[in-house]
Amino acid sequence: MNKFYVTTPIYYVNDVPHVGHAYCTIAADVMARYHRLMGDDVFFLTGVDEHGQNIERISAEKGMSEQEYCDNITARFMALWKRLEISNDDFIRTTSERHKAAAQKFFKVVRDAGDIYKAPYESWYCVRCEKFYRENELLEGNSCPIHELPAEWVKEENYFFALSKYQDKLLKFINDNPDFIQPESRRNEVISIIESGLDDRSVTRSTVKWGIPIPDDPDSGVLYVWVDALSNYISAIGYNDDPETMERYWPAELHLIGKEILWFHAIIWPALLMSAGLPLPKQIFGHGWLTKGGKKLSKTTGNVIVPDELIDEFGTDAVRYFFIREYTFGSDGDFTRDAFINRINGDLANDLGNLLNRTLAMVKQNFGDYVPEPMDELQGTDGELVELAQKTFELARPYMDKLDFSTALETIWELVRRANKYIDESAPWQLAKEPDKQDRLATILYNCIETLRFLAILVSPFMPGASRQILDQIGLGNKTDEYNYDHLKWGFTPAGVTLGKVEPIFPRIEVEKKQQPKSKDSEITIDDFKKVDLRVAEVLNAEKIEGADRLLKLIVDPGTGARTVVAGVAEHYNPDELVGKKVVIVANLKPAKVRGVKSEGMILAAVSKQELDILTIEKDIPPGTRVR
């Protein structure tokens with residue numbers, strides 16, 4: 001059995017949890033659940049950083065003790081993780097006795113290695129970051145580059161860690177282990193910082209009282225965030241008092257962090273571990289930042305995303321799915337309400353929810369409350385569905401292993417869409433009218449239920465609640481805790497099982513549209529219509545646009561040579577289906593860039609709520625012929 005130790009950063013309790021905390025923790029939970037389904041020995045750690053000058057100030061302003069304040073905010077984090085179904089195995093608090101003892105031990109080990117010394121220090125300091133900055137790292141007006149608030153000039157005598165001593169060792173390790181820091185852009189950033197030169201760093205604070213006392217010298221202050229907060233990754237697994245668990249889980253396979261704390265984790269933490277004689281984590285992955293409506297998230301301006309409010313309105317699974325599916329993990333992402341609703345309506349309501357609803361409705365109508373028994377040999381379309389179901393996990397697995405969650409989900413959704421198409425091709429509602437086709441009907445509907453079982457397992461790391469609901473409705477709720485990826489074998493659903501209560505798990509989100517009064521201004525003349533140049537065009541090539549699951553890049557010939565047209569038809573057509581077809585395009589549409597691809601026209605299609613049908617020309621009419 002392989003082991004998998006995954007961590008989030010410990011979140012600072014200077015305020016209630018926000019969407020950035022949720023984003024990182026959901027991603028860590030997805031990886032923990034994925035590895036549990038692989039049969040690995042998983043340890044998933046999250047927690048909170050409760051020390052520092054910022055906490056002293058905030059708690060005083062609120063008329064509370066530091067511990068009271070920390071207890072209050074920490075409870076908010078734990079409550080949100082419960083609502084989001086975060087499956088952490090431990091929750092570390094830096095105010096806990098086990099952590100204090102471990103952090104002090106870690107400090108002493110590094111000190112005894114000859115890498116900690118005492119010296120006077122003065123520099124710019126951001127209270128919110130709990131970090132010292134060089135002047136050239138600050139914004140105009142000596143403001144923090146993260147919080148954009150004025151930094152303070154601080155003079156102290158502190159203990160220092162000899163970080164400069166590890167410059168060459170760090171650089172060699174990073175170059176020898178290219179996967180150590182991911183994504184690659186973060187790795188390059190760290191290399192650049194190291195190559196520019198590393199300074200020794202203060203690891204204690206003499207002017208702060210709320211923290212862990214310096215071992216053997218408590219009158220000189222408390223441990224600074226480098227030692228205090230970062231050592232949580234080993235304090236939680238027994239560094240001080242449980243060598244067996246420490247040996248079992250360290251080093252961590254994955255530290256998930258926000259890119260703003262990359263410096264701490266990719267430079268200072270590895271150097272401290274080298275000094276302490278401990279192996280380094282296998283990978284540090286820095287995810288991007290979220291914005292809202294193209295603007296930076298800010299409580300001051302009111303531009304915020306409140307996780308609890310999204311859960312209240314849309315449910316836990318919808319929130320988990322959107323943030324993991326919508327953005328490329330590692331890059332920045334912009335949140336809009338329209339994008340959220342479109343994603344939930346499209347992927348969850350129209351695709352997965354519709355597959356579940358229509359399948360079970362037909363089963364109940366034709367076979368009562370029981371899973372039908374397949375009676376026919378597999379035919380052509382059956383085999384295609386079964387083959388895709390059995391290979392979807394292996395197709396998605398490489399993306400999961402490199403934290404490309406969006407592409408992994410898109411791969412799983414190929415099976416969702418294929419199953420819906422299978423129903424359309426098989427037309428079970430027609431077979432239900434023919435008494436001699438009941439065996440074929442039973443086989444088709446069984447295949448759909450078995451595909452739903454596969455999908456319940458495949459989506460469970462992302463949407464554990466929806467996974468349970470699917471299994472409940474297809475009569476396998478008692479198997480929820482048993483299933484793992486080894487059960488992705490065809491035929492495990494027994495015929496005759498009683499279905500559960502059938503109800504929509506992803507109701508469509510209705511958006512109110514403002515009705516525009518009809519006026520003469522909306523009417524056009526024949527001359528207006530003549531301005532639109534509609535032409536017959538032959539599709540020469542079609543391919544998907546990477547990262548855009550609804551878009552196809554088409555190369556078409558409208559009689560004047562090849563040109564590129566981007567069309568939002570990928571959910572309804574495979575690229576190969578379109579090659580050779582003659583379609584109608586708006587040939588004189590002003591070119592525009594769509595997902596970085598220049599589009600020189602528009603394909604015409606009939607669009608309803610559920611279907612899309614491209615307008616095609618049946619007769620042998622040459623490309624370039626005008627459509628009137």
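This is a predicted model: local features need pLDDT of at least 70, side-chain atom pairs count only at pLDDT 80 or more; totals for chains, interfaces and linings use all residues.
Student: Okay, where is R563, then?

Tutor: R563 sits in strand 18, which covers residues 563-567.

Student: Is R563 buried or exposed?

Tutor: R563 is buried, because its relative accessible area is 19% and the cut-off for buried is under 20%.

Student: What does R563 touch, if we skip residues up to four places away in sequence?

Tutor: R563 touches L554, I555, V556, P558, I585, A587 and E600. With two of those, the R563 side chain reaches a backbone oxygen: that of A587 at 2.9 Å, and that of E600 at 2.9 Å.

Student: And how far apart are the C-alpha atoms of R563 and V539?

Tutor: They're separated by 9.9 Å, and the two residues are 24 apart along the chain.

Student: New topic: helix 10. How many residues does it have?

Tutor: Helix 10 has 15 residues, 262-276. From first C-alpha to last it reaches 20 Å, close to the expected 21 Å.

Student: Where does helix 10 bend?

Tutor: At I268, by about 30°, with a proline, P270, following within four residues.

Student: Is helix 10 mostly covered or mostly uncovered?

Tutor: Mostly covered: 14 of its 15 residues are buried.

Student: What comes after helix 10?

Tutor: G277, and its phi is positive, near 75°.

How values were computed. Residues are numbered from 1 along each chain as its sequence is written. Side-chain values use heavy atoms; hydrogens and water are left out. Helices (H or I, at least four residues) and strands (E, at least two) are DSSP runs, numbered from the N terminus. The expected span of a helix is 1.5 Å times one less than its number of residues. The bend at a residue is the angle between axes fitted to the seven residues ending there and the seven starting there. Buried means under 20% relative accessible area, exposed over 50%, partly exposed in between (1.4 Å probe, protein chains only). Contact means heavy atoms within 4.5 Å. A polar contact is a pair of N or O atoms within 3.5 Å; within protein, one must be able to donate a hydrogen and the other to accept it, and residues adjacent in sequence count only if both atoms are side-chain atoms.
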